Each structure stands twice: as C-alpha cells, then as structure tokens.
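Hi,

Here is the structure I promised to pass on.

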Amino acid sequence: MKVCVVGASGKLGQYMVQHALDRGHEVVGVCRERSVGKLDRFKGRITIIPGATNDREVIRKAVAGCDGVLTVLVPWGVQQYSSGTAQAVMDCSPPDARLVFSCGWHISRDGKDRYSWKLKALVAIAGPIARLFRLAELDDQVEACRRIFASTTKWTVVRASDLEEGDSQGLPVWSRHVGDAILESNLTRRVDFALFMVAALKNDELIHEAPAIVGCQTPSARAGEA
Ligand SMILES: NC(=O)c1ccc[n+]([C@@H]2O[C@H](COP(=O)([O-])OP(=O)(O)OC[C@H]3O[C@@H](n4cnc5c(N)ncnc54)[C@H](OP(=O)(O)O)[C@@H]3O)[C@@H](O)[C@H]2O)c1
C-alpha cells in the first residue's frame with residue numbers, strides 16, 4: 001500500500017510511520033516545515049512533504065496515488081486547523097482511498113456515549129480556557145468530525161481513551177460507545193493507538209465506524225473478553 005501520514009512528526013504520527021514501514025507500506029509524511037527534523041530517523045525511507053496540514057495544495061501533493069491516508073486531527077492552534085485538515089484530506093484523496101482519522105473519546109458520533117463526570121468537567125473547563133489563551137480549539141475538532149461523519153468517503157474515526165507511553169501490548173479492543181463496560185479502564189498505549197490506526201486501513205468492517213478504543217491488556221478489556 002502507499003500510505004500518507006498527515007501530522008507525521010508528532011508522537012502518534014511517528015508511531016504510525018513506523019508501523020506502516022514495518023508492514024512494508026510506502027510512506028509519505030506531511031508535517032509543519034519546522035518539524036521536519038523530528039523525522040530524521042526515517043531519512044531515506046519515507047517521502048516528506050513539509051507544510052501546514054490544512055493547506056490543500058500540500059495535501060493534494062501528498063495524497064496523490066495513496067491507497068490510505070492516516071490523519072492526526074490535532075486540537076492545537078485556533079485557525080480551524082482540524083476542520084481544514086479533514087476537509088483537505090477528504091477533498092483531495094483518491095476517491096477509493098481508506099481515510100483513518102484520530103481523535104479522543106470526547107467526540108461523539110450519535111450522542112449515545114455516556115461520559116464520566118471527570119471527562120465532562122475536563123472538556124467543559126479546559127476547552128474555553130485553551131481557546132481563551134489561543135492554545136487549542138476543541139470545538140473545531142468536533143466540527144472536523146461532523147464533516148467526516150457526513151462524508152461518503154471510506155472513513156473511520158478512531159476515538160482514543162487516555163494515553164500512556166510504553167511498549168506495545170497488541171491491538172486495542174473497541175466498542176461503539178464510550179460508557180460500554182469494555183472501555184471502563186480508559187487507558188491505551190500510544191504505540192497501540194497507532195497500531196489500530198494502521199490496521200484499520202485493511203479492515204473494511206471499520207468503514208463508517210467511530211470505534212472508541214482501549215488497551216487490550218487493561219482490566220476492562222480482559223474482563224470483556226473473558
Ligand atoms: N494526548 C492525549 O491524551 C489524547 C487522548 C486521546 C486522543 N488523543 C488524540 O491523539 C492524537 C494525537 O495527539 P497527541 O496528544 O498524542 O499528540 P502528538 O501525537 O504528539 O501530536 C501532536 C501534533 O500536533 C501538532 N501541533 C502541535 N501544535 C500545533 C499547532 N499550534 N498548530 C498545528 N499543529 C500543531 C504537532 O505537529 P508538530 O510536530 O509540527 O509540532 C503534532 O503533529 C490527536 O488526534 C488527539 O486528539 C490524544
């Protein structure tokens with residue numbers, strides 16, 4: 001497969017690049033010009049297109065001929081960065097390409113997720129504060145996902161729990177709604193979040209799904225599979 005990683009220089013992006021290379025995929029990475037150095041360890045093994053991920057010309061060039069596009073939807077910055085990125089990816093990717101987007105549990109596809117008071121409080125308090133200081137724009141990630149859910153492209157939106165670093169434990173398990181018992185542990189290794197994103201490229205059952213994921217070795221995942 002030829003795979004584009006949009007937002008390749010971040011932690012999740014770098015893990016996705018590594019997993020894609022491990023699977024023998026040809027990889028094109030997009031990241032901000034100033035972050036190209038973060039991808040030095042992949043030098044000679046991937047093609048890098050520097051630029052803003054919401055710049056349509058940058059995305060058009062990067063996704064040309066790709067079978068799959070993995071996009072990190074970041075809430076950082078306040079110029080509709082997430083929604084601009086999602087729109088550019090949907091508009092410019094080849095029509096049959098598998099499009100996989102990352103976000104967090106706070107995104108709801110159908111309003112049927114049941115959130116803990118902790119997550120509700122975090123979004124209610126952190127969102128406006130981040131916006132006030134022009135750090136992040138949680139609402140724009142919501143808008144990005146609204147557009148994706150309405151699209152006829154072959155999309156999957158992967159919604160991750162809280163994250164931690166550490167060695168891979170294997171492919172996370174998933175469920176349709178936050179609040180489902182299997183997700184209770186609310187923790188996934190970032191490297192495995194990336195594994196799920198890359199594996200989704202070849203899993204047609206995930207087309208038009210917004211799986212909420214949790215680490216496969218967490219207590220709730222193990223209890224759910226027992
Ligand atoms: N962190 C969590 O606890 C958590 C939990 C659940 C889901 N997620 C999801 O996981 C994904 C990755 O998030 P992460 O927190 O793990 O971060 P990450 O992988 O380290 O990625 C951060 C990304 O944000 C970009 N970025 C930072 N500041 C920016 C700005 N001002 N304008 C534009 N881009 C900017 C970085 O690009 P540069 O390399 O160019 O700086 C990088 O690509 C996101 O989709 C997030 O919603 C995160």
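Asn186 counts as partly exposed because it has 18 C-beta neighbours inside 10 Å (buried means 20 or more other C-beta atoms within 10 Å, exposed 12 or fewer, partly exposed in between, with C-beta atoms placed from the backbone). Asn186 sits in the loop between β8 (173–175) and β9 (188–189), and its phi is positive, about 50°, although it is not a glycine. Most residues other than glycine have a negative phi. His208 also has a positive phi, about 65°, and lies in the loop between α6 (190–200) and β10 (212–214). With 16 other C-beta atoms within 10 Å, His208 is partly exposed.

Bear in mind that this is a predicted model: local features need pLDDT of at least 70, side-chain atom pairs count only at pLDDT 80 or more, and totals for chains, interfaces and linings use all residues. Numbering starts from 1 along each chain as its sequence is written. Helices (H or I, at least four residues) and strands (E, at least two) are DSSP runs, numbered from the N terminus.

On to the ligand: 24 residues surround it, the closest being Ser9, Gly10, Ser35, Trp76 and Gly77 (near means a C-beta atom, placed from the backbone, within 6 Å). The elements giving two or more residues to that shell are α1 (11–22) and β5 (98–104). The shell divides into 11 nonpolar, 8 polar and 5 charged residues (Ala, Val, Leu, Ile, Met, Phe, Trp, Tyr, Cys and Pro count as nonpolar, Asp, Glu, Lys and Arg as charged, the others, Gly among them, as polar).

Cheers
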